[in-house]
Amino acid sequence: METAVFLVFALLALGSSLVVVAHKSPIYSTLSLVLTLFSVAVLFVLLGAPFIATLQLLIYAGAILVLFLFVIMLLNVGREEGIPGGHRAQLVAAVLGALAFAVALWLLLRPALGAAGTAPLTEELVSLSGLAQELFAEYLLPFEIVGLLLLVAVIGATVVARRPTADELAGGVLAAGGAAGIGGVAGAGGMGGPGSLSALDELEAAESTAASWAADADRAGGGARPASFPGGAEPGARP
Amino acid sequence: MSSTIHLVNESLTVPVSWYLLLSVALFAVGTAGALTRRNGISIFLSIEVMLNAANLALVAYSRQLDQRTGQILVFFVLAVAAAEAAVGLALFIAVYRQRRTIDINRINLMRH
Amino acid sequence: MQAIDLLWLVPALPLAGAAVNGALAYGRAPKAAVTAVALGAPLGSLLVAAACIWQYLASGLYPRAVEHVSYAWTAGTLDGLTINVAFLLDPLAAVMLFIVTFVGFLIHVYSVGYMGHDEGYARYFAYLNLFMAAMLTLVLGNNYLVMFVGWEGVGLCSYLLIGFYYDQEFPPYAGKKAFIVNRIGDFAFLIGMFALVARFGTLDFLPIFHRLAAQPALGTAAYAGGLSFAAFVGLCFFIGAVGKSAQIPLYVWLPDAMAGPTPVSALIHAATMVTAGVYMAVRSNVIYQLTPGVSLLVAVIGTATALLAATIGMAQNDIKKVLAYSTVSQLGYMFMAVGVGAYSAALFHVLTHAFFKALLFLGSGSVIHAMGGEQDMQKMGGLKKRLPVTYRTFLVGSFALAGIPVFAGFFSKDEILAAAAASGMPLHWLFWGVGWITAGLTAFYMFRAVHLTFDGTFRGTHEQEHHLHESPPVMTVPLIVLAVGAVISGWVEIPLLRGGNWFHRFMEPVVATTAAIRDGATGKGEVGTPTEALLIVLSVGIAFAGILFARSIYGGAAGAQRGMAFEERWPTLHRLLANKWYVDELYDAIVVRPLHGLSWVFYRVVDMLVIDGSIRAGAAVTRASGDLGSLTTTGNVRNYALYFFLGVLVLFWWIAR
């Protein structure tokens with residue numbers, strides 16, 4: 001029975017991942033990924049990690065992929081065009097390459113499993129309290145750090161993705177591209193607001209009005225600072 | 001929960017190495033996709049596949065070696081994957097604003 | 001406390017004066033203050049020196065030498081070598097001390113007038129006092145190192161004072177030339193000192209000379225390069241003297257040194273510094289007595305120099321150049337004397353020469369001062385009416401130089417010639433002969449200068465004529481004093497006065513060593529009195545001949561024109577002499593040009609090509625590797641993903657191995 005479950009969901013995972021990777025349309029890819037995640041979650045349960053499976057469904061399938069879909073819709077990403085020339089060859093190369101890579105990985109990782117068979121699943125391993133215990137005792141520091149990481153990611157994503165302020169628009173094209181200038185944040189009084197992702201087609205309309213407000217902004221705060229192309233999070237920007 | 005109780009104290013009929021094999025296969029598929037696709041979002045999705053493959057491997061090891069370390073690592077990987085997805089997509093948005101495309105072949109300002 | 005204990009004050013006072021005036025040179029100190037310090041210091045030296053000499057002679061310290069250690073410099077710190085800052089007073093030092101302080105003081109007084117309008121007044125006196133300090137250190141030191149300190153010090157001051165007018169182009173160049181040429185000699189001097197230290201473990205005069213006198217074999221045994229020890233050291237020291245005292249081949253700096261102010265030429269390049277080489281040779285007479293070979297060389301070079309310089313002096317039109325070559329020539333005489341072993345005769349000539357050459361230089365300075373800076377004798381003439389005191393003192397000096405009896409030069413030059421004739425050295429008659437001819441040339445060129453400058457009609461411009469005036473007393477009084485000295489300084493050696501040859505006997509403790517050395521080596525023989533009298537008549541005769549010949553050509557109202565016509569009779573010879581036998585050009589070709597070429601090679605090839613090139617090559621390599629590396633920055637994200645992947649593969653390999 002267990003074997004059957006495994007085989008079904010393993011093949012499902014593999015197949016849907018192939019669809020993710022191969023399909024031209026990102027929407028279909030994303031939806032396939034949902035299927036892959038679900039299959040993998042089942043396999044988690046089979047391996048005695050129900051909590052992780054739950055987390056997988058909640059976070060991965062529930063939040064991350066929704067975000068993906070959101071962005072795909074926003075950016076109106078269409079189907080990917082075919083590659084001009086060399087389609088067949090690239091496919092063959094990719095397949096062969098993947099095979100070789102898989103073999104290499106298998107050879108690398110298999111020995112760590114050891115020769116012995118698998119012991120029965122212990123209550124210990126499965127229990128949530130046990131997991132929580134270990135997580136908050138032994139791995140407390142990484143836990144906190146990951147929390148900080150998430151904070152940083154939130155801030156970074158917010159700043160990177162927000163609409164450019166009037167100063168940045170006035171300061172030039174490059175400055176507008178997600179500039180993290182503190183002066184830019186201070187000046188122009190929150191033009192466009194952080195994090196609001198109105199449809200980008202409005203951007204052009206907003207730009208002209210922003211330019212007219214640029215003069216006021218110039219007087220108000222620091223001029224646009226030509227930002228170096230931003231890496232992700234810039235701590236120190238206003239939360 | 002009952003299925004869990006059912007599973008406990010039973011040996012695994014499926015060898016753990018099969019899970020590992022699947023994980024390896026998924027990872028290879030994801031890598032091929034990440035290196036091959038032209039669409040930025042698609043590359044991201046391929047990377048998520050790779051991450052999942054890694055998670056699967058971790059849990060498999062955890063089961064085999066009877067330690068919770070693997071599961072905890074998956075926990076963290078999940079969190080990091082979320083963060084990474086958020087920031088990466090934000091970057092894509094920013095790039096899209098600039099270049100009106102996410103065809104990575106066209107995003108090459110850093111060319112020599 | 002005895003006066004001798006204050007001997008250290010003699011060099012110390014001018015040193016302090018130099019320091020004070022050096023400081024005053026920066027501020028706007030009143031001239032009176034500068035003058036007071038500038039004259040006070042040498043005067044103090046003179047008085048202390050006089051007191052010391054008086055005490056030395058009166059209290060029976062003579063004929064021993066008195067040493068006074070002022071500072072035990074290396075006490076206990078150097079293994080086996082003790083060097084002290086110590087001073088020695090003996091007949092030789094006393095004579096030099098007298099010359100330097102007395103003539104030096106007079107020249108300081110003269111300078112007050114001559115340099116009175118110069119902007120660098122305080123600087124001038126600072127340098128001049130410094131020179132006095134160095135020269136006094138040189139003559140008073142009791143060991144070779146203290147002497148060498150003074151030796152270098154006077155070289156430095158010579159450089160500073162030759163290049164005094166530093167805003168002109170030539171004086172600094174002349175100063176450098178003097179210093180560099182001197183340096184060649186200094187190098188040899190150092191080698192000589194090293195040899196002495198190696199063999200004797202000390203540089204003090206008295207211990208070295210006593211040991212050499214007691215054991216002549218120490219000096220005559222073979223040492224290095226086929227030379228005996230005494231020959232080696234003597235040669236090294238003599239090369240030093242050749243540089244300092246302007247002998248062949250290192251005399252070329254002295255004529256160019258005339259670019260300095262005239263009192264400097266008088267003091268440094270006539271009376272004192274250039275005689276340091278002679279002093280050193282006389283001081284080291286024990287060494288030279290042990291090496292007839294090097295002594296012969298000394299005599300040869302001295303004689304040759306005397307003749308060569310006299311020939312050049314005959315064709316010079318710059319009055320100071322005439323005197324410069326005259327100095328070189330007279331120094332040649334002194335070395336001729338040293339070479340034949342007549343050390344006291346050499347020192348005697350130093351004494352008389354100091355007086356009359358300083359007199360002549362100061363007199364020329366007076367003329368130049370009156371001519372508003374003009375030094376070309378072709379533009380002078382008829383000055384004897386306008387500058388009577390200058391003329392008369394200059395005449396006295398000229399007679400002294402020419403060796404006319406009664407005047408000082410006669411006694412000293414004659415003694416040298418007599419010593420040459422009487423010497424047992426090979427070629428000694430050649431020395432006498434050349435010296436005799438040179439005496440005639442000396443008289444000739446000197447009186448040519450006298451006639452061109454003071455006789456005939458004035459050939460300068462109208463402004464110069466209006467400007468002509470006799471110098472103020474501050475300048476003429478030293479001239480008169482020196483003129484008196486130029487007459488009577490010779491009388492200390494009159495054979496018949498007060499038992500005769502007083503100077504020679506005075507010097508005996510210094511120059512006379514063991515009979516074995518004295519008679520055996522240079523073999524100073526004797527000539528009979530009739531021969532000696534004949535020689536005197538001959539030398540006086542040729543001196544008069546030179547004077548009269550000069551008068552016949554250059555004298556009288558039309559002297560200058562007749563002179564030019566005379567010179568044009570031998571154009572090639574005249575050109576050779578006027579251009580100093582092209583020696584400077586020769587040196588330029590064989591030394592300076594090759595050095596420039598070598599420098600060019602080092603600059604262009606070694607520095608720019610090799611060194612800079614290798615650095616640029618390093619930079620180029622770095623850039624090339626950077627360019628190579630930048631090929632990876634394709635901007636294509638997929639490439640970057642590929643790099644990631646490759647890196648992962650490497651990682652796998654690393655883990656798996």
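Predicted model: local features only at pLDDT ≥ 70, side-chain atom pairs only at ≥ 80, totals over all residues.
Residues are numbered from 1 along each chain as its sequence is written, and chains are lettered from A in the order in which they are written. Local features need pLDDT of at least 70 and side-chain atom pairs count at pLDDT 80 or more, while totals for chains, interfaces and linings use all residues.

Student: How many helices and strands are in chain A?
Tutor: Helices (H or I, at least four residues) and strands (E, at least two) are DSSP runs, numbered from the N terminus. Along the sequence, chain A reads α-α-α-α-α-α-α-α-α-α-α. The count is eleven helices and zero strands.

Student: What percentage of the residues in chain C is buried?
Tutor: A residue is buried if 20 or more other C-beta atoms, placed from the backbone, lie within 10 Å of its own. Chain C has 29 helices and four strands. Of its 657 residues, the buried part is 52%.

Student: Is α1(A) roughly parallel or roughly antiparallel to α2(B)?
Tutor: Take helix α1 (residues 2-22) of chain A and helix α2 (residues 16-36) of chain B. Their axes, lines fitted to C-alpha atoms over the stretch in contact, come within 9 Å and cross at roughly 10 degrees. Angles run from 0 to 180 degrees between N-to-C directions, and those under 35 degrees count as roughly parallel. So α1(A) and α2(B) are roughly parallel.

Student: How many nonpolar residues are in the contact of α1(A) with α2(B)?
Tutor: Two residues are in contact if their C-beta atoms, placed from the backbone, lie within 7 Å. Residues that meet include A:Phe6 and A:Leu14 in α1(A), and B:Trp18 and B:Leu26 in α2(B). Ala, Val, Leu, Ile, Met, Phe, Trp, Tyr, Cys and Pro count as nonpolar, Asp, Glu, Lys and Arg as charged, and the others, Gly among them, as polar. Three are polar, none is charged, and the nonpolar number is 13.

Student: Why is α9(C) roughly antiparallel to α12(C)?
Tutor: The axes of helix α9 (residues 229-244) of chain C and helix α12 (residues 276-283) of chain C come within 8 Å. Angles over 145 degrees count as roughly antiparallel. α9(C) is roughly antiparallel to α12(C) because the axes cross at roughly 160 degrees.

Student: Which residues of α12(C) does α9(C) meet?
Tutor: From α9(C) come C:Phe237, C:Phe238, C:Ala241 and C:Lys244. By class, this contact has six nonpolar, one polar and one charged residues. On the α12(C) side are C:Ala276, C:Gly277, C:Met280 and C:Ala281.

Student: Which helix gives the largest share of the side of chain C that touches chain B?
Tutor: Chains C and B each bring eleven residues to the contact. On the chain C side, five are nonpolar, five polar and one charged. Five residues come from one helix, residues 637-656 of chain C: α29.

Terms used:
Buried ≥ 20, exposed ≤ 12 C-beta atoms within 10 Å, placed from the backbone. Parallel < 35°, antiparallel > 145°, perpendicular 65-115°, else oblique.
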